[in-house]
Amino acid sequence: MEDVQRRSKKRKRGGRSRGKKKEDCSRAVAADAKSPSVYVPSSTCASSTAKIASKSSSFLDKMKAKLSGGYFRMINEKLYTCSGDEALNYFKEDPALFNVYHSGYQEQMSHWPVQPNDIIIKWINDHSPSLVVADFGCGDARLARSVKNKVFSFDLVSNDPSVIACDMSNTPLDISSVDVAVFCLSLMGTNFPNYLQEANRVLKHGGWLLIAEVKSRFDPNKGGADPKEFVKSTCALGFTSVIQDFSNKMFLLFYFQKKEKQRTKEHQIKWPELKPCLYKRR
Ligand SMILES: C[S@@+](CC[C@H](N)C(=O)[O-])C[C@H]1O[C@@H](n2cnc3c(N)ncnc32)[C@H](O)[C@@H]1O
């Protein structure tokens with residue numbers, strides 16, 4: 001019995017001493033805050049405070065990342081399921097959403113081993129710098145900054161004076177005024193054929209139409225479009241298919257040239273539906 005009491009006293013003393021340590025630590029922080037040059041906190045106190053701070057900041061960072069990831073997926077889904085003019089109004093109401101979308105998009109792209117924009121930039125740099133380029137859905141306008149050519153950059157929001165804010169189905173470009181029209185992962189709206197019609201309007205005869213799109217949107221086995229149907233419809237619009245590059249795991253590349261002779265009669269083109277590209281939670 002005596003033994004048990006002694007042990008319990010010991011435990012109490014031990015408990016008190018542990019409590020004292022905590023007290024010391026908090027006092028140490030207070031003292032440190034008032035007079036850092038006088039008080040040097042013990043390494044144990046400093047490291048446990050740092051650990052708590054870093055744990056809570058990493059928790060906060062995780063929560064922030066989850067929230068912005070959720071916002072990104074919501075905006076992304078909106079852009080793939082509405083028309084271009086609806087998307088324009090959506091960002092007009094809250095232009096800050098554009099930056100949220102683009103930081104999420106950059107995060108997603110950082111996992112892609114090859115960026116389609118880089119392939120298009122290389123293609124342009126391998127051709128004449130005198131070619132005039134229109135970048136439809138330019139994002140942060142990296143393409144314009146990476147080539148010597150004159151580039152007209154269009155997107156729904158302009159955070160840069162070189163970018164023209166508009167719905168790309170209706171650009172301020174003149175008829176037959178550009179040599180290359182680029183759509184890099186930007187055929188997002190449900191009315192994407194209107195974007196291609198606009199490209200056809202502004203391209204010179206013999207001009208290039210370069211399209212990079214997410215592979216899953218063209219996987220007929222998973223509800224995507226048949227790439228052959230897409231090529232057929234684009235050719236019916238007034239283009240010749242020159243190269244189809246399906247070698248990349250993440251995206252397809254289509255290189256078309258505008259035909260010299262365009263159909264004069266209005267005709268209905270049957271376009272395949274392009275499946276929205278919805279990102280999973282990581
Ligand atoms: C997936 S991002 C790609 C951005 C850029 N081309 C790149 O490769 O980094 C698609 C871009 O197309 C823009 N976009 C989508 N629909 C548009 C429309 N109707 N008019 C103008 N821009 C549009 C979006 O705002 C977005 O910036």
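## Pairing of β6 and β7

In this predicted model, Gln244 has Phe254 of β7 as its bridge partner. Strand β6, residues 239-245, and strand β7, residues 251-258, run antiparallel and are joined by six bridges.

## Two residues with positive phi

Ser176, which is not a glycine, has a positive phi near 50°, and its place in the chain is the loop between β3 (163-165) and β4 (178-184). Because 13 other C-beta atoms lie within 10 Å of its own, Ser176 counts as partly exposed.

Leu185, likewise a residue other than glycine, has a positive phi of about 55°, and it belongs to the loop between β4 and α7 (192-202). Leu185 has 20 C-beta neighbours inside 10 Å and therefore counts as buried, the cut-off for that class being 20 or more.

## The buried face of α7

The buried residues of helix α7 are Phe192, Tyr195, Leu196, Glu198, Ala199 and Val202. Seen down the helix axis, these buried residues of α7 fall within an arc of 155°, so they line one face of the helix. An α-helix has 3.6 residues a turn, so residues three or four places apart point the same way.

The elements that cover the buried residues of α7 include the helices α3 (84-93) and α8 (227-237), together with the strands β1 (133-136), β4 and β5 (203-214).

Definitions and conventions: Residues numbered from 1 in each chain as written. Predicted model: local features only at pLDDT ≥ 70, side-chain atom pairs only at ≥ 80, totals over all residues. Pairing = 2+ DSSP bridges. Helix = DSSP H or I, 4+ residues; strand = E, 2+ residues; numbered from the N terminus. Buried ≥ 20, exposed ≤ 12 C-beta atoms within 10 Å, placed from the backbone. Arc of directions from axis to C-beta. Contact = placed C-beta atoms within 7 Å.
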